[in-house]
Amino acid sequence: MRVWIWAGVTAMAVAMSVQAATPTAPAASAAQGFRLFRPSAPASAPRTSAPVKPAPAASAPAPAAAVVDTEPVIKGYAVPIGGALKADNEEVWQRIVQLAGGKGARFVVFGTASEDPEASAKQVVDLLQRRGAVAESLPVAPRFLWVDLNKVVRDPALIAKVKAAKGIFFTGGVQERIVDVLQPGGQSTPMLEAIWDVYRKGGVVVGTSAGAAIMSTVMFRDAPSVINILKGRFVDGKQVDRGLGFVGPHLFVDQHFLKRGRFGRMIPLMMAKGYKIGLGVDENTAAVIRGDEIEVIGDRGALVVDLTEAKTDASLGAFNVQGARLSYLEHGDRYHMRARSTTPSAPKLRGELHDAESPNFRPYYTDDVFHLDMLGDSTISGAMSRLIDSVRKEVKGLAFDVLPRTNDPLAELGFLFRLYKGSDSLGWSTEEFGGEQFTVTNLYLDISPVRLPMPLYGGWTGPPKPAAPAVPASAASAPQAPQAPQ
């Protein structure tokens, strides 16, 4: 069914003050010792696996800073899970156990972030053991009121259990609890050092939801409103804080990503903190990260945000970006961080190629679409999949605060999203798994501040009344003929 949505938007610059932050790469914590990849300009790759055409002329690549490889290479795997991992997601559960060594692999489970850490950890322990692992939970959680956290993170017996494990699993909940317990005040504890020791030697560190948020050196600590982040309402130590940094200092990770439209908060934070690559993992989905490579597994997908060539206009006085590059990956797809390139899964390569510059391109969609809530559930991934299979060159949408606070000076500040194709935009699709699945690489995104008058609507007063016929001026000034007597 074709959906036609016509909307007019008057773009206006809105004066506002946003958080001032120097765009430098976030510093790694003392526990890190991590070399993930060296930032570099996009590199070409074979067209069958990772095609990269010249970027649009409007986006000139910025020179990459040289990075000296002085830190040891991590041998282990980081596995952020986007949250809401189902018990029957065999691919993810079995892969976690396999990465830790297969049947008999030892895991320790931290329910630290959870409101009910005992129940949360027990569920994960049971699911891991069902796949052949040997797992146990550790009593390291603020909700255990009888536990002295300062002692347990230094307890030799518990630390020995961590060092004997091949897998570490962090449950969901409130991510600040994990960081505050294992890295209070930014200082690494002996237990966190033991976790890093397992990771460096080849173990696997897994985190779901809150456990995924801690994977970056910087994380969202408490930021429930995406639109407020777009409006610049975030400060260090409150909405934003340090993470544990398992994916290294150059990759930003966020969770519940497509479900909650969190690309709208990822991009402002990445720009404020100097990140060039961001990975947003959706629910019931995992990313397996090792060295330069990211592999997506599970039920849904993940979004890669590349700001290497992105620009901003400070004169607008509100958040804006031009030329952010987006790639959408699903089950079996891989992303290579050095080359900024994607290798689709084998079923996608066997399927249909969507290349607007090919003479054989036969797009399915022809209609124009305007999204009234660009931050909606999976709106961005749906828009990308549709655009790559469309005759259209771009699609637009809005994001704004439907219920702004009373007297909010930024109540009328909204954002216009323009998603568009570049010369290197490509897609692949397959129906081998039942429904149609897409991989989309190198679409571009501009975000601009716009004014949305509040309220957006008012009461209906009925159709306009027809105006009385106008009397021609010549007729009004002409002499009147004498009337016959009645």
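## Glu412 and its partner Arg451

Glu412 is partly exposed, at 27% relative accessibility. In this predicted model, the side chain of Glu412 forms a salt bridge with that of Arg451, with an N to O distance of 2.9 Å. Glu412 belongs to the loop between strand 18 (394-399) and strand 19 (413-430), whereas Arg451 belongs to strand 20 (residues 437-451), so the contact ties together parts that are 39 residues apart in sequence. Arg451 is partly exposed, with a relative accessible area of 35%.

Arg418 and Asp446 form a salt bridge, and their closest N and O atoms are 3.2 Å apart. Because Arg418 lies in strand 19 and Asp446 in strand 20, this pair ties together parts that are 28 residues apart in sequence.

The two residues can also be described by their accessibility. Arg418 has a relative accessible area of 29% and is partly exposed. Asp446 is buried, at 12% relative accessibility, since buried means under 20%.

## Asp180 and Arg221

A salt bridge also joins the side chains of Asp180 and Arg221, at 2.8 Å from N to O. Asp180 is part of helix 5 (residues 175-182), and Arg221 is in the loop between strand 6 (218-220) and helix 8 (226-230); the pair therefore ties together parts that are 41 residues apart in sequence.

Asp180 is partly exposed, its relative accessible area being 37%. Arg221, in contrast, counts as buried at 15% relative accessibility.

Helix 1 covers residues 90-99, and its buried residues include Val92, Trp93, Ile96, Val97 and Leu99. Arg95 in this helix is buried as well. An α-helix has 3.6 residues a turn, so residues three or four places apart point the same way. After helix 1 comes Gly101, which has a positive phi, near 120°.

Arg95 also takes part in a network of salt bridges, in which it is linked with Glu293, Glu295 and Arg334.

## Salt bridges in the whole model

Side chains of opposite charge can pair when their charged atoms come close. The model has a count of 29 salt bridges. Among the pairs described above are Asp180 with Arg221, Glu412 with Arg451 and Arg418 with Asp446.

Terms used
Residues numbered from 1 in each chain as written. Predicted model: local features only at pLDDT ≥ 70, side-chain atom pairs only at ≥ 80, totals over all residues. Heavy atoms only, no water. Salt bridge = Lys/Arg side-chain N within 4 Å of Asp/Glu carboxyl O. Helix = DSSP H or I, 4+ residues; strand = E, 2+ residues; numbered from the N terminus. Buried < 20%, exposed > 50% of the residue type's maximum accessible area, 1.4 Å probe, protein only.
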